[in-house]
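User: I have a structure to study. Can you take me through it in short steps?

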Amino acid sequence: MLFYFFKRIGSLLATLVVASVVIFTVIEIVPGDPASYMLGLNASDDTVNALKAELGLDQGRVMRYVDWVGGMLQGDFGTSYTYRTPVAEMVAERLTVSLPLAGYALSLAILLAFPAGLFAASRRGGAADTVIMGITQLGVAIPNFWFAMWLVLLFAIKWQWFSAGGFPGWDAGFWVGMKALSLPAIALALPQASILARVLRSSLLDVLNEDYVRTARAKGLTRRQALWGHALRNAMIPVLTIIGLQFSFLLAGAIIIENVFFLPGLGRLVFQSIAQRDLIVVESVIMLLVFAVVMVTFLVDLAYAWVDPRMRRSH
Amino acid sequence: MKRFIQVISSVLLMTFLSTAAFAAKTDITLGMALEPPNLDPTGGAAAAIDEVVYANIFEGLTRFGSDGSVNPALASAWDIENDGTRYVFNLRPGVKFHDGAEFTAEDVKFSLDRARGEDSTNAQKALFANIAEVEVIDDHTVALNLTNADGNLLFNLAWGDAIILDPASADKAATDPVGTGPFKFSNWVQGDRIEIVRNDDYWGESVALEKATFKFISDPTAAFAALMAGDVDAFPNYPAPENLPQLEADPRFSVVLGSTEGETILSMNNKSEALSDMRVREAISHAIDRQAVIDGAMFGYGTPIGSHFAPHHPSYIDLTGNATFDPEAARAMLKEAGYIDDLTLSLKLPPPAYARRGGEIIASQLREVGIDTEIENVEWAQWLEQVFKGKDYDLTIVSHTEPLDIGIYARDDYYFQYDNDDFNGLISAFNKETDPERRDVMLKQAQTMVSEDYVNGYLFQLAKTGVANSKINGLWENQPTQANDLTGVYWSE
């Protein structure tokens, strides 16, 4: 187990180092200078140079890479060129939206997917199975922003039960915040729930064909008892993998939904920063996201070991 | 009878209660497509900065009115001395910054010296180039000594880039702006909204609104949904012209069409191989059907222009006749210049819809007369580097949004690469001229000159398409400068 653990940590660190080099290089290669972007069409060269010096952009690339990585190791992610606020502060603020939204959406997805997947698997080939599979097929196919617009059209414009978007902040109260995140979370959850339900169903069906399930049935367990007691835990590995991927996706990839609901989340921060050539923000946020994805993968790996004792020994 | 009186009195009571309940609102939520990167108008060019702070939080010595006129602000009056080379400003007494500091002539000296100083990061530093010295005469009098006579000074001082800051709070203006205006900065939730509240110690007429919120919604569909759901009360620059007819038909909203300072042009690189020949530039101008571009790219909102000049300006002359839509003439001119169906030009398009949608239409119009274009979509940062600085382009589409900016044609090494000594002489004479009549004549000459030299393809003046709750009054109809001046805004009951 310990060896498995350290091996995972090693690959985690290597991924982070490679990612930092790639991120920095790619973003530096893309043309466009942040200082001249900020100062617009009428700025003279000496004004641009004065601003570059103020922002530390007059140093060489290697120097800036070393500064950036060195700063991050000490928890300093630099200061945004355009917003003039520390990147760490901005990211922390955005995470108060993105993290709960990702958590909310994923919880909804799991709450929808598990009953649907289990039910469909236990009634394989039946009418219920066909209906559930049909609905999830649709859920996978519908683009989430389109679904989001329908939610806005119905719940915000027609019935006016929810705001069309925006986030009042947690200061306004927990339930007010949750309410503001509800439509976006539903829009995000639907496709994820559909994927999860399908994976859970097919994984369960595979397991239900295994010898040990037949043995369990032979010793007198009902179909349902065999499903809950023996099949479910063994069917969890692919499901956990998908949940891990979905969480990373929801954290970083909610950008379109954030735009539809004008939420101040991480995705929108990256989007805005790319347009404004706020390099330091883009670099640091992407690095953080890489870190988050790597960490989630790491935790999922550990979870495998937890559900499947063989993993602990064989590595 | 007794019953009748009861009914009457209860009806009266109800009416009384309902009018009390419907007393005019004193807060407003405005939608904006772009969030300002920071709130210091003296340290960046982003229009969104001024759209929040101009006239609301910060004020300068002079300011623009809604009609583009230059009016007194922190300076109540001024005298022009020494043949226009010295301006003496009388400052308003009793003006306080939001942190309680008193506004004096020292603040004016500090702010203007900061803007024109060596380390200045003011995006419009050129506005102050002619100021030789800022002289404090007493607490409430300040004189600007100029290098040359300057007819633009009062106009230049009205820009958002020339607002007056307090030395104690100037460095924090980006995140915590402290000004003298009728509203105080209150809160900024980055990515979501900025809130400002009424400044009860304001020197001028008290404003009707107690609180204003600027909400940032970049997606056009989301903007529409936010208006319909009542999340925002107004969208002064509504980003989706395609929805305007629908909003216009809705009694809850009023749609206000005005003009902006944005001359939208097909910029041409006057030193690229083919375009250095004026016949080719003229041919391109005749190949363009402006109305088709306005209809196709802007859903019909926009005024055709024939030169680099705003139609609402008093000195405007209509020069659209210099470049009528005439594909036959365009073909003939190209033939004369030696290009028969073998001219390929690059067309670099920045992100705004006027450029991306307009570019496709213009490309097809140019193809009709035998010019092929290679369209390349670029981000703004890339555009600045390649087109604006590198001059690595043949054609591009940009809206030049600064007020009265025909002077850019006289600038050395500007990206149009237009080089005309007569024009340069005219602009430098204009900058020194203070007589309104002669200035008017010169502006007309300048318009004619760039139009007849076919420096660029002149397309249309960008429209300001505002949508607001129909009970809101006092929002600016036109946009003489980038601002959402809330001083005159109020709700009717």
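User: This is a predicted model. At what angle do helix H12 and helix H13 of chain B pack?

Analyst: H12 of chain B covers residues 421–432, and H13 of chain B covers residues 436–452. Their axes are 10 Å apart. The packing angle is about 155°.

User: Is H12(B) roughly parallel or roughly antiparallel to H13(B)?

Analyst: The angle is about 155°. Angles over 145 degrees count as roughly antiparallel. Therefore H12(B) and H13(B) are roughly antiparallel.

User: Which strands are at the edges of the four-stranded open sheet in chain B?

Analyst: The strand order is S4-S5-S7-S6, with antiparallel pairing. An edge strand pairs on one side only. The edge strands are S4 (75–81) and S6 (131–138) of chain B.

User: What is the bridge partner of Asn90(B) in S7(B)?

Analyst: Strand S5 of chain B spans residues 86–91, and S7 of chain B spans residues 141–146. Five bridges join these antiparallel strands. The partner of Asn90(B) is Thr141(B).

User: How many residues of chain B are in contact with chain A?

Analyst: Chain A brings 45 residues to this contact. Its touching side has 22 nonpolar, 16 polar and seven charged residues. On the chain B side, the number is 41.

Key:
Residues are numbered from 1 along each chain as its sequence is written. Chains are lettered from A and ligands numbered from 1 in the order in which they are written. This is a predicted model: local features need pLDDT of at least 70, side-chain atom pairs count only at pLDDT 80 or more; totals for chains, interfaces and linings use all residues. Two residues are in contact if their C-beta atoms, placed from the backbone, lie within 7 Å. Ala, Val, Leu, Ile, Met, Phe, Trp, Tyr, Cys and Pro count as nonpolar, Asp, Glu, Lys and Arg as charged, and the others, Gly among them, as polar. Two strands pair if DSSP finds at least two bridges between them. Helices (H or I, at least four residues) and strands (E, at least two) are DSSP runs, numbered from the N terminus. Axes are lines fitted to C-alpha atoms, for helices over the stretch in contact, and angles run from 0 to 180 degrees between N-to-C directions. Angles under 35 degrees count as roughly parallel, over 145 as roughly antiparallel, 65 to 115 as roughly perpendicular and the rest as oblique.
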